[in-house]
Amino acid sequence: GYIIKPFGERELQSAIEVAIYKSGVEKRLSESEEKFRTLFDCIPDALCYCRMITSEDGTLADLEVINANPEFQVMAQTPALTGALFSQIPFLTGDSSGRFLLLCQSVAKTGVPESIDGLKGNQNLWLRVHVSSYDPDHIVAIFVDVTELKRAAEALRLSNHKLNLLASITRHDIRNQIQALYGYFGILKTELEGTPWLEYILKGVQVVDTIVRQISFTKEYEDLGRQDPAWQSVARSVEGAAE
């Protein structure tokens with residue numbers, strides 16, 4: 001602070017109080033900025049704060065990076081990002097960049113945070129992005145690397161496909177053998193008509209019928225894991241079973 005001569009005790013005291021107050025405010029502001037910077041840099045996901053650049057018709061044309069944490073810089077393979085345009089950063093590939101811009105425009109318009117999956121990044125990364133907007137001109141985007149989850153899901157899908165294929169082939173082969181067994185039973189029923197052995201042949205046929213029903217029952221579970229889970233109506237399921 002400063003004082004102008006001539007000054008009295010009251011002016012000197014006021015100037016000192018204002019200087020002490022300003023010093024405290026600046027110290028608290030510096031501490032707050034340090035905490036924010038530490039939190040910003042330590043987030044394990046890629047985070048960027050951007051200004052929206054719109055065209056004359058109001059559509060989102062590009063994003064200017066105002067700030068980005070180290071993880072984003074690693075993903076983008078670009079150390080200096082401040083002031084860079086998002087379109088100039090080798091970050092998203094294919095149609096992922098367009099999908100991301102559409103998401104940003106939607107969030108900026110509604111103010112409601114949104115997320116999308118399936119974005120393709122460089123280095124063969126699969127990304128999930130969460131976008132928030134606190135004013136119509138700026139957005140905060142957090143990119144989460146879900147590559148391992150994507151690979152695990154694909155491995156699970158392939159494993160389910162192989163298991164289903166194996167079950168289908170095995171069931172088909174067993175049915176062929178059962179058809180042959182039915183043929184032999186038919187011959188035996190004709191040959192043993194009127195003898196005590198016919199009763200055992202008929203029981204054998206009943207056992208084979210049970211096996212056929214059990215094998216048919218396994219087909220109901222063949223498609224498990226092929227489709228995403230969906231909510232089911234318990235009432236409709238019960239009514240359908242009752243009918």
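His138 counts as buried in this predicted model, because its relative accessibility is 18% and the cut-off for buried is under 20%. The residue is found in strand β5. Leaving aside neighbours within four places in sequence, His138 is in contact with Tyr49, Cys50, Arg51, Met52, Ile66, Ser132 and Ser133.

Side chains of opposite charge can pair when their charged atoms come close. The structure holds five salt bridges, and one of them joins Arg51 to Glu64, with 2.8 Å between the closest N and O atoms. This pair links distant parts of the chain: Arg51 is in strand β1 and Glu64 in strand β2, 13 residues apart. How exposed are the two partners, Glu64 and Arg51? Glu64 has a relative accessible area of 22%, so it is partly exposed. Arg51 is also partly exposed, at 34% relative accessibility.

Two further salt bridges lie within helices. Arg151 pairs with Glu148, the closest N and O atoms being 3.2 Å apart. Both residues are in helix α4, which spans residues 147-191, and because they are three residues apart, about one helical turn separates them. Glu148 counts as exposed, since its relative accessibility of 55% is over the 50% cut-off. In helix α5 (residues 198-218), Glu199 and Lys203 are four residues apart, again about one turn of the helix. Their salt bridge has its closest N and O atoms 3.5 Å apart. Glu199, with a relative accessible area of 45%, is partly exposed, and Lys203 is partly exposed at 43%.

Asp62 is a charged residue without such a partner. Its place is in strand β2, residues 60-68. Asp62 is buried yet has no salt bridge. Which side chain of opposite charge is nearest to Asp62, and how far away is it? The nearest is Arg51, at 9.6 Å. A salt bridge needs a side-chain nitrogen within 4 Å of a carboxyl oxygen, so at 9.6 Å Arg51 does not qualify as a partner for Asp62. Asp62 does touch Arg51, however, and also Met52, Ile53, Leu85, Phe86 and Ser87, not counting residues up to four places away in sequence.

Phe86 leads on to the aromatic residues. The structure holds nine aromatic pairs. A pair of aromatic rings is described by the distance of the centres and the angle of the planes. Phe86 and Phe91 form an edge-to-face pair, with 5.9 Å from centre to centre and 80° between the planes. Phe86 counts as buried at 4% relative accessibility, and Phe91 is buried with a relative accessible area of 1%. The rings of Phe100 and Phe143 have centres 5.2 Å apart and planes at 50°, so this pair is tilted. Phe100 is buried, with a relative accessible area of 0%, and Phe143 is buried at 0% relative accessibility. Together with Phe72, the residues Phe86, Phe91, Phe100 and Phe143 form one aromatic cluster.

The largest nonpolar core has 32 residues, of which Leu63, Phe72, Phe91, Phe100 and Phe143 touch the most other members. Elements that each supply at least two residues of this core are β1 (46-54), β2, α2 (70-76), α3 (96-110), β3 (114-121), β4 (125-135) and β5 (138-145). Which element gives the largest share of this core? That element is α3, with six residues. Phe100 is in contact with Leu63, Phe86, Leu92, Leu119, Val129, Val131, Ile139, Ala141 and Phe143, leaving aside its neighbours within four places in sequence. A second, separate core has six residues, including Phe185, Ile201, Val205 and Ile215.

Methods:
Residues numbered from 1 in each chain as written. Predicted model: local features only at pLDDT ≥ 70, side-chain atom pairs only at ≥ 80, totals over all residues. Heavy atoms only, no water. Buried < 20%, exposed > 50% of the residue type's maximum accessible area, 1.4 Å probe, protein only. Lys, Arg positive; Asp, Glu negative; His and termini not counted. Contact = heavy atoms within 4.5 Å. Core = buried A, V, L, I, M, F, W, Y, C linked by side-chain atoms within 4.5 Å. Phe/Tyr/Trp six-rings, centres within 6.5 Å; stacked < 30°, edge-to-face > 60°.
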